[in-house]
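Reader: I am new to this structure. Please show me how to read it.

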Amino acid sequence: MGMSVTISAADATHDAEHILKLQYLCYQREAEIYQDWSIEPLTQSLDALRAELAEGQAFVARLGDEIVASVRGRLDEDGTVRIAKLIVHPRMQRHGLGGRLLDAIEAHYAGEPVPAAKRFQLFTGHRSEGNLRLYRSKGYAQVSTREIGPTLTLVTLEKAA
């Protein structure tokens, strides 16, 4: 008998450690693509993650009791929702979980009272083709690029709320 994946708000107290472990696993591929294991998702501390969760909203996807995917977002004073660290366990990729989590974080902020979300914004590396494909399929368009180093250019994508 198969289990279905459920999406719910993350609980910073109970979920932070699980999210951090999943984040470390998921960002190994990004580190390999860019040959840089010093990227922030691989060096973030548990306290820093807890602080990040307290500043905004996070959602997790669970398969039974296991957290298999997560996303975070934060609404700025200018109405921009900054979406970050969309992660899906490698064995669960290509099953629509990333899209479902994007939908959940967008729906959360679209339903927020004042200040209302005006736009959603996220970024990824220029070589992260799967990420770019997902974001474009969800209506995001490139608005800028920023060279971080010799092997990494960040691509910022955005869409109206």
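Author: Start with a helix on the sheet: H5 lies across S4, S5, S6 and S7 and runs at about 165° to S5. Helices (DSSP H or I, at least four residues) and strands (E, at least two) are numbered from the N terminus. Contact means heavy atoms within 4.5 Å. Axes are lines fitted to C-alpha atoms, for helices over the stretch in contact, and angles run from 0 to 180 degrees between N-to-C directions. The model is predicted: local features need pLDDT of at least 70, side-chain atom pairs need 80 or more, and totals for chains, interfaces and linings use all residues. Residues are numbered from 1 along each chain as its sequence is written, and side-chain values use heavy atoms, without hydrogens and water.

Reader: In what order do the strands form the sheet?

Author: Strands of a sheet pair through backbone hydrogen bonds, either parallel or antiparallel. Here seven strands form an open, mixed sheet in the order S1-S2-S3-S4-S5-S7-S6; two strands pair if DSSP finds at least two bridges between them. S1 (5–9) and S6 (141–147) are at the edges with a single partner strand each, so one side of each has no neighbour in the sheet.

Reader: How many bridges join S2 to S3?

Author: Seven, and the two strands run antiparallel. Arg 62 is opposite Ile 67 in S3.

Reader: Which residues have the most contacts inside the largest nonpolar core?

Author: Nonpolar side chains tend to be buried together in soluble globular proteins. A nonpolar core is a set of buried Ala, Val, Leu, Ile, Met, Phe, Trp, Tyr and Cys residues joined through side-chain atoms within 4.5 Å; buried means under 20% relative accessible area (1.4 Å probe, protein chains only). The largest core has 26 residues, and Ile 83, Leu 97 and Tyr 140 have the most contacts inside it. H4 gives the largest share, six residues.

Terms used. Buried < 20%, exposed > 50% of the residue type's maximum accessible area, 1.4 Å probe, protein only.
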